[in-house]
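User: I'm new to this one and would like to learn how to read it. Could you walk me through a few features?

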Amino acid sequence: MSRRETYEAMTEQLLLPIAENAGVEIYDVEYVKEGSDFYLRAYIDKPGGVDINDCEKVSRALSDALDEKDFIPDSYILEVSSPGLGRALKKDKHLARSIGETVELKTYKPIEKCKEFEGVLKSFDTESIMIETEEENGKKELTFARADIALVRLALDF
């Protein structure tokens, strides 16, 4: 496991009882470097969405727990927030909850001269993700190898 993955896993373990106590669920935890700064981000959610009070409550408790355990030697910025409306679907649990929803899918390399696709998430497994797109001549099912996918997120419909 990489240093990043270790920090994320340890943070998620610290966050579990905090999230449960706050009545929220952990959507994701990420430790990333942006520019010269490191960020430890915890994304939380609940039915109906989270508000600023939920984020503040979790942030304070998580900050105290992280200070106590002190397993990240680098200085970092802690952020606790909602995953947002156009949330990335990174884990199988995210995909499972989004079956039947419209998603945007981006690939690393063009497939039939296109890198961006939109359609209804139909299914997934360890190797692939299938969406159903609307074409001029009807619906079409497209299957993508997970290794070829750069990003899958919920589509925003305005």
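Predicted model: local features only at pLDDT ≥ 70, side-chain atom pairs only at ≥ 80, totals over all residues.

User: How are two packed helices described, and what are the values for α1 and α2 here?

Analyst: In general, you give the angle between the two axes and the distance between those axes. Here, helix α1 covers residues 3–22 and helix α2 covers residues 52–69; they pack at about 145 degrees, with axes 10 Å apart.

User: Which residues make the contact between α1 and α2?

Analyst: On the α1 side you'll find T11, L14, L15, I18, N21 and A22. Facing them from α2 are K57, V58, A61, L62, A65, L66 and K69. Sorted by class, that contact has nine nonpolar, two polar and two charged residues.

User: Now a single residue. Is E132 buried or exposed?

Analyst: The cut-off for buried is under 20% relative accessible area. E132 has 17% relative accessibility, so E132 counts as buried. You can find E132 in strand β6, which runs over residues 128–135. Leaving out residues up to four places away in sequence, E132 touches G119, V120, K122, K139, K140 and E141.

User: And zooming out, how many helices and strands does the protein have?

Analyst: Three helices and eight strands, and along the sequence they follow the pattern α-β-β-α-β-α-β-β-β-β-β. The C-alpha trace spans about 60 × 35 × 25 Å along its principal axes. Of the 158 residues, 36% are buried.

How values were computed: Residues numbered from 1 in each chain as written. Heavy atoms only, no water. Axes fitted to C-alpha atoms, helices over the stretch in contact; angles between N-to-C directions. Helix = DSSP H or I, 4+ residues; strand = E, 2+ residues; numbered from the N terminus. Contact = heavy atoms within 4.5 Å. Nonpolar A, V, L, I, M, F, W, Y, C, P; charged D, E, K, R; others polar. Buried < 20%, exposed > 50% of the residue type's maximum accessible area, 1.4 Å probe, protein only.
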